[in-house]
Amino acid sequence: MESNSKQNDVLCAAIQEFAQFGLLGTTMETIAKQANVSKRTLYKHYPNKNALFDDVVALLLERFSQLHKYQYQADVSIYEQLKELAKVCLSLGNDENYLTLSRIVIIESMRDKEQAARLEEKFLDCEKGLLTWFEQAHHAGVLNDVPADIAASFFYGGLKNMGYWEQVIMWKPALDEQRLEQLIDLTSRFFISGIKLNK
């Protein structure tokens with residue numbers, strides 16, 4: 001694109017169209033019109049709407065990149081580290097663009113088996129980021145006998161059930177600050193007591 005601003009306009013238009021009409025019902029023409037760019041310009045950068053859809057999905061996956069930077073720290077309490085992980089995880093449920101993209105990906109995965117396989121492949125690398133802290137904590141011997149993947153599923157599962165899936169699937173409003181803090185605190189404490197950790 002001629003500028004980052006134009007590319008952003010295209011991606012925003014694509015998100016809006018995919019969210020409203022799905023991949024099947026969206027056309028490159030409507031995206032170009034919404035983004036106020038010519039079809040020629042759009043096709044120059046995106047040969048088809050699947051390629052554009054891939055870039056939209058990439059935006060979604062970038063949200064998870066924050067979790068890659070969280071490393072296990074032996075000199076910081078487990079409780080404080082879990083709280084930080086929980087805050088990042090729950091911030092996704094407060095982001096309307098992220099929720100919209102999540103719905104798009106879910107719908108397209110259910111509609112098309114091949115599309116589901118493509119999306120799963122993209123998510124596999126992303127999901128590894130969610131495990132990083134737990135793998136390091138496991139290697140440090142602080143998770144007792146609980147495998148890292150099970151510990152991560154246990155921890156993130158409760159958070160996402162109340163602060164993500166209900167917002168994505170049931171269209172519930174984002175949790176307010178007080179509810180977020182309560183959920184973060186309780187989930188972190190339940191996790192610690194559930195696998196018998198020291199704080």
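Residues are numbered from 1 along each chain as its sequence is written. In this predicted model, local features need pLDDT of at least 70 and side-chain atom pairs pLDDT 80 or more, while totals for chains, interfaces and linings use all residues; side-chain values use heavy atoms, without hydrogens and water.

**Overall**

The protein chain has nine helices and zero strands, where helices (H or I, at least four residues) and strands (E, at least two) are DSSP runs numbered from the N terminus. The C-alpha trace spans about 60 × 35 × 30 Å along its principal axes. Of the 199 residues, 42% count as buried, that is, under 20% relative accessible area with a 1.4 Å probe and protein chains only. Among contacts (heavy atoms within 4.5 Å) with a separation of 6 or more, 68% are between residues 24 or more positions apart.

| Helix | Residues |
|---|---|
| α1 | residues 4–25 |
| α5 | residues 78–91 |
| α8 | residues 148–169 |

**Helices α1 and α2**

Helix α1 packs against helix α2 (residues 28–35) at an angle of about 125°, and their axes are 8 Å apart. Axes are lines fitted to C-alpha atoms, for helices over the stretch in contact, and angles run from 0 to 180 degrees between N-to-C directions. That angle makes α1 oblique to α2; angles under 35 degrees count as roughly parallel, over 145 as roughly antiparallel, 65 to 115 as roughly perpendicular and the rest as oblique.

On the α1 side, K6, D9, V10, A13, A14, Q16, E17 and F18 take part in the contact, and they meet T30, I31, Q34 and A35 of α2. By class, the residues of this contact are six nonpolar, three polar and three charged. Ala, Val, Leu, Ile, Met, Phe, Trp, Tyr, Cys and Pro count as nonpolar, Asp, Glu, Lys and Arg as charged, and the others, Gly among them, as polar.

**Helix α5**

Helix α5 has 14 residues and reaches 20 Å from its first C-alpha to its last, close to the 20 Å expected at 1.5 Å a residue; the expected span is 1.5 Å times one less than the number of residues. Ten of the 14 residues are buried, so α5 is mostly covered. Among them are I78, Y79, L82, L85 and L90.

**Residue A151**

A151 lies in α8 and is buried, with a relative accessible area of 1%. Not counting residues up to four places away in sequence, A151 touches F134, L143, V146 and F191. A151 and G194 are 43 residues apart in sequence, and their C-alpha atoms are 9.9 Å apart in space.

Methods:
Buried means under 20% relative accessible area, exposed over 50%, partly exposed in between (1.4 Å probe, protein chains only).
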